[in-house]
Amino acid sequence: TIKNDNTRRHLKGLAERATNGGVIARRQLREWMRRHADVEPRWAPLKECVAFGPCSTHNKYRHLTADKFCTHTRRVRYVDQRFAGAPWVHMTTNASHGYRMFTHWYTFLLFDDGVTDLYYKRFGRDRLKYKDEVFCAAGRVVDALTRHGETYQAAHIRRGELQFVSVRISCEEWRDALLSFGYDKDEVLFVLTDEKDKTWFAPLEEAFAKIYYLRDFQEEVSDLYDPNALGMVEQVVASAKPCRLFTGTFFSTFSGYVARLRAYYGHAADTFFYAAPKAKHRVLHDTSDTIHAPFYNREWALAWNNLEEPLPKDRPPVWPLPAVVNVTDIKARKERYPKD
């Protein structure tokens, strides 16, 4: 709690200006938080992982050890009591120095107590979700799509600014990929896309009898006040129970989140595909807990495996954290992300 009235007023003013787009105010507010936090960890998620406890053996609720979880590409960074008991933790992020939280939280944090590990994965599933109005709008779109049949199929065709050449394929290649995955030409196809040129989809529209885009459902989404929520509606529609198959764009976190939602909602792993490259067509059919670098480019079954495992009646005591772990921050340097 900030007791000084002048400080509170100053921070309130900074927060208001930062919220309204003030770049200087954002930097000043960030620097103030860094100076006053009890602990300021500098984590580099692509080069290290964080373990709460030794995590040296696997158990019924956590199948990976710290070494397997971090893989040979990252070092294990153990949490100590100083961090765990801190009232205020401020995690430094600085992309130019490599301190960027650019990864899935479940591929970065590991708990020695497997029950706790599953608890936070369930917390992410049940609490970190879109607002109700997004689901309501998506529900109306799903109702409209299923008027043409009990099920439909979907594809996320990312075009935009995506820099990975191997996944920027032609419409003809998209068409051929979808048909090879078992898509039905006579079943409704719902396309999620940022492509503005409608003519680009001509080969797809010639192949499929009934193809729809979100722009075809203006009435169903008319009460959404935030245009940025339209993409969220698309994701929910593509993960809904009636959506029989989904094909995404590899490297796209937008496609990846659809995969995680589909897993949360009970879709089988073999109903998700990537259109390109060929080696990634069925990469999400692997239901093991195994993960590997670069981690961020797709979702992993580790996020949803065993979430409904019954809790034990007698839990072993939680391993006490060490008082202090002196770990040198990884040398600051700019991250190099894979080109392909």
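In this predicted model, the axes of helix α9 (residues 230-239) and helix α10 (residues 253-264) come within 9 Å and cross at roughly 40°. Here an axis is a line fitted to C-alpha atoms, for helices over the stretch in contact, and angles run from 0 to 180 degrees between N-to-C directions. Helices (H or I, at least four residues) and strands (E, at least two) are DSSP runs, numbered from the N terminus. The crossing of the two helices is right-handed, a label used if the near helix is turned clockwise from the far one by less than a right angle, with anticlockwise giving left-handed.

Which residues make the contact between these helices? From α9 come G231, E234, Q235, A238 and S239, and from α10 come F254, Y257, V258, L261 and R262, where contact means heavy atoms within 4.5 Å. An α-helix has 3.6 residues a turn, so residues three or four places apart point the same way.

Helix α9 is largely enclosed by the rest of the structure, because eight of its 10 residues are buried. Buried means under 20% relative accessible area, exposed over 50%, and partly exposed in between (1.4 Å probe, protein chains only). The buried residues of α9 are G231, V233, E234, Q235, V236, V237, A238 and S239. Among the elements covering them are α6 (132-145), β4 (152-157), β5 (189-193), β7 (243-248) and α10.

Elsewhere, three strands form an open sheet in the order β2-β1-β3, with parallel pairing; two strands pair if DSSP finds at least two bridges between them. Strands β2 (75-78) and β3 (109-111) stand at the edges with a single partner strand each, so one side of each lacks a neighbour in the sheet. On average, neighbouring strands of this sheet are turned by 30° against each other, direction ignored. Strand β1 (residues 48-52) runs parallel to β3 and is joined to it by three bridges, and A51 stands opposite L110 in β3.

Taking the chain as a whole, the secondary structure comes to 10 helices and eight strands. Buried residues make up 48% of its 340 residues.

Residues are numbered from 1 along each chain as its sequence is written, and side-chain values use heavy atoms, leaving out hydrogens and water. Local features need pLDDT of at least 70 and side-chain atom pairs count only at pLDDT 80 or more, while totals for chains, interfaces and linings use all residues.
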